[in-house]
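Open the model in your viewer and keep the selection panel handy. We will walk through it stop by stop.

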Amino acid sequence: MSAVEHLKELHGLPVFDFPAQGEDASGLPEAGAVAWRLAVDPWGEGPQETYEQLWQRFLGAVGPAGVRAVVVGAWGEVYEDSSGAAIRLLVDAREQLTGLAAVFVGDLVMEESEISWITQSDVTPLLAAYPRLRELGVRGGTGLALTAVRHEHLRTLAIEAGGLPAHVVQAVAACDLPALEFLELWLGVDGYGGDATVADLAPILTGERLPALRHLGLRNSEIQDGIAAALAAAPIVARLKSLDLSLGVLTDEGAAALLAGQPLTHLSWLDLHHNFVGDDVAQRVRDALEPAGVEVDLDERGDEYEDDGDVHRYTAVGE
């Protein structure tokens, strides 16, 4: 199973594809009963509907005041055209989408675009336009921008990338998010723009700006061992209910650092799947945590190979 899949739900609502031009649009669900996914097919035969045309049809067909969740799929040729126009449409509709609680930008899978080919844009205007937004998700780090803000109501922030730029990580770390309960960052690899360091994560690990945080995911990283070592003494950990370090290059060194640090027995679950941890150390992790009731996932050893004495290991998601 791929780590990158189409969303099946958002904000607890099943995702529903708004019909494309020419498809049957009768019998649509109630506006607030689903998360509405809007996507165009720029490679289809014949004249194609633009994302703006699709968006205007959507607003006309569904009572916008009742919409609770929007999933932005392909807005065009996403490796050339950024998400900026799609985000502007959302921002411009803020007086119509008065009940909007959740947005996900970039719900694309490999067949539509590799994750690192998705061209994103500045998502800060969404947070400014919707001060009562509860969830924001983004897929793709290329061109992504964020300005540090204070947002009183955001509870979930998830950014998935094959390479998440340091300036985005730094902006997230500088945000004041007093209601945030769930934070997930796919840091990726330097080869695809993931140049963040453990030092960039330091303000997150203190938890000073995240008093409500209960889940932290620092995933898909080639610096996973360094992150694990930093988490071993990070103040935020004592407040967490779950910790996710999956999809990355976690080795015996990182797993041992976690074990040698502060207790983790208060966690409900620890996700380390897709890793490079040996059987002996993996068993040490299980023996330390599972008797206390912690659900530990150490499945799926990652792919590695040796070349001239150098061992090469890969995150689950890169390109």
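Helices (H or I, at least four residues) and strands (E, at least two) are DSSP runs, numbered from the N terminus. This is a predicted model, in which local features need pLDDT of at least 70 and side-chain atom pairs count only at pLDDT 80 or more, while totals for chains, interfaces and linings use all residues. Residues are numbered from 1 along each chain as its sequence is written, and side-chain values use heavy atoms, with hydrogens and water left out.

**Stop 1: a loop near the end of the sheet order**

Select glutamate 300, found in the loop between E12 and strand E13 (304-307). Its phi is near 60°, a positive value in a residue other than glycine. Most residues other than glycine have a negative phi. Glutamate 300 is exposed, with a relative accessible area of 52%; exposed means over 50%, buried under 20%, and partly exposed in between (1.4 Å probe, protein chains only).

**Stop 2: the sheet and its edges**

Now show the strands. An open sheet is formed by 12 strands with mixed pairing, in the order E1-E2-E3-E4-E5-E6-E7-E8-E9-E10-E11-E12; two strands pair if DSSP finds at least two bridges between them. Strand E1 (9-10) and strand E12 (295-297) stand at the edges with a single partner strand each, so one side of each has no neighbour in the sheet.

Zoom in on E1, which is joined to strand E2 (residues 13-17) by two bridges, the two running antiparallel. Leucine 10 sits opposite leucine 13 in E2. In the loop between E1 and E2 you will find histidine 11, with a positive phi of about 60° although it is not a glycine. Histidine 11 is partly exposed, at a relative accessible area of 23%.

**Stop 3: enclosed strands**

Next, select strand E8 (residues 182-188), and look at its two partners in turn. Strand E7 (residues 156-160) runs parallel to E8, with four bridges joining them, and leucine 157 stands opposite leucine 183 in E8. Six bridges join E8 to E9, again in a parallel arrangement; here glutamate 184 has glycine 217 in E9 as its bridge partner.

How many residues of E8 are buried? Six of the seven are, so E8 is largely enclosed by the rest of the structure. In strand E9 (residues 215-221), seven of the seven residues are buried, so E9 is also largely enclosed.

**Stop 4: two helices side by side**

Select helix H4 (residues 166-174) and helix H5 (residues 198-206), whose axes come within 8 Å and cross at roughly 20°. The axes are lines fitted to C-alpha atoms over the stretch in contact, and angles run from 0 to 180 degrees between N-to-C directions. H4 and H5 are therefore roughly parallel to each other, a label for angles under 35 degrees.

Show side chains: Ala166, Val169, Gln170, Val172 and Ala173 in H4 meet Asp200, Leu201, Pro203 and Ile204 in H5, where contact means heavy atoms within 4.5 Å.

**Stop 5: a buried cysteine**

Follow the chain to cysteine 175, in the loop between H4 and E8. Cysteine 175 is buried, with a relative accessible area of 3%. Cysteine 175 and alanine 148 are 27 residues apart in sequence and 4.6 Å apart in space, C-alpha to C-alpha. Not counting residues up to four places away in sequence, cysteine 175 touches Leu146, Thr147, Ala148, Val149 and Arg209.

Terms used
Angles under 35 degrees count as roughly parallel, over 145 as roughly antiparallel, 65 to 115 as roughly perpendicular and the rest as oblique.
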